[in-house]
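Visitor: Could you walk me through a few local features of this one? I'd like to start with a side-chain contact and then move on to the helices.

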Amino acid sequence: QVKKGGYEKQKTAQQALTKALAEIDGGRLVGADKQTVADFLCSWVKDYERSQTVKASTVETTKIHIDKYLIPGLGAVRLSALSVKTIETYLGDLLNEGRINPNSKKPKGLSPKTVRNIFGTLHRALYDAVRFELLAFNPASQVQLPKYQRPLITPWLGEQAGAFIQYAENKQDPLAPIWRLLLVTGLRRGELVGLRWSDIDLVEATVSIAQTKVMAGNLCVITTPKSRAGTRTLSIDPGTVTALAHL
């Protein structure tokens, strides 16, 4: 709530009230008239981390989005003045000139997928700004995002996977049993590197997925699978059992 007083006439007070209500109805000032986007994001991400409602890797990615993209691009804007147009213009800048490393051989702009991920952090933060009664509405909720198409994935055929395993074994690659396990089970990278010997039962020929290892900034963090369904037990073939037994 914003309180003002000292009006000499009722008419003046009524005019001020009408203006304030119009700003609220327009989704502007509620409690962030002087706070910048940078001020809010720095405070918000600390609460976000302390809440322990998300994984450490998610918090770290959120910090990267804030420190490297959102604050440099939108930090100076007053939170109450942040508009749909401002956000859409900023996203366009990321698409065209958003890459941080100027010496990179990749295109100057960020990919639509990366831009959408950065926007996701902003949207979540502004959602909380509304929840904290700092904003009357979330301007990010009306933003038109850049189109994104999932890349076409062409998985190996059985013959190709078999040829790769045979090649690795013929070359006596020390990781050949790992490649075989990966191809047989379809494990995610984090699930694979998170495996312990206690998760592997060579007698029952099963592999249990109970934890993953992911990067959170420069730290390797042990965490749980992405979803409840990610915690599972998989069967493996006799050839993979034999290969793992020789590790």
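Guide: In this predicted model, the side chain of Ser 80 makes a polar contact with the side chain of Arg 78, at 2.9 Å.

Visitor: And where does Ser 80 lie?

Guide: Ser 80 belongs to the loop that runs between α3 (56–74) and α4 (84–97).

Visitor: Is Ser 80 buried or exposed?

Guide: Ser 80 counts as buried, because its relative accessibility is 5% and the cut-off for buried is under 20%.

Visitor: Let's switch to α3, then: where is its kink centred?

Guide: The kink in α3 is centred on Ile 66 and amounts to about 40°; Ile 66 is also one of the buried residues of that helix, which are Ser 57, Val 59, Thr 62, His 65, Ile 66, Tyr 69, Leu 70 and Leu 74.

Visitor: What covers those buried residues of α3?

Guide: The cover includes the helices α2, α4 and α5, together with the strand β3 (212–216).

Visitor: You mentioned α2 and α5; at roughly what angle do their axes cross?

Guide: The axes of α2 (residues 37–50) and α5 (residues 112–131) come within 11 Å and cross at roughly 90°, which means that α2 is roughly perpendicular to α5.

Visitor: Which residues meet there?

Guide: From α2, Phe 40, Leu 41, Trp 44 and Tyr 48 meet Thr 121, Arg 124, Ala 125, Leu 126, Asp 128 and Ala 129 of α5.

Visitor: How does that contact of α2 with α5 split by class?

Guide: The contact of α2 with α5 has seven nonpolar residues, one polar residue and two charged residues.

Terms used: Residues are numbered from 1 along each chain as its sequence is written. This is a predicted model: local features need pLDDT of at least 70, side-chain atom pairs count only at pLDDT 80 or more; totals for chains, interfaces and linings use all residues. Side-chain values use heavy atoms; hydrogens and water are left out. Axes are lines fitted to C-alpha atoms, for helices over the stretch in contact, and angles run from 0 to 180 degrees between N-to-C directions. Helices (H or I, at least four residues) and strands (E, at least two) are DSSP runs, numbered from the N terminus. Angles under 35 degrees count as roughly parallel, over 145 as roughly antiparallel, 65 to 115 as roughly perpendicular and the rest as oblique. Contact means heavy atoms within 4.5 Å. Ala, Val, Leu, Ile, Met, Phe, Trp, Tyr, Cys and Pro count as nonpolar, Asp, Glu, Lys and Arg as charged, and the others, Gly among them, as polar. Buried means under 20% relative accessible area, exposed over 50%, partly exposed in between (1.4 Å probe, protein chains only). A polar contact is a pair of N or O atoms within 3.5 Å; within protein, one must be able to donate a hydrogen and the other to accept it, and residues adjacent in sequence count only if both atoms are side-chain atoms. The bend at a residue is the angle between axes fitted to the seven residues ending there and the seven starting there.
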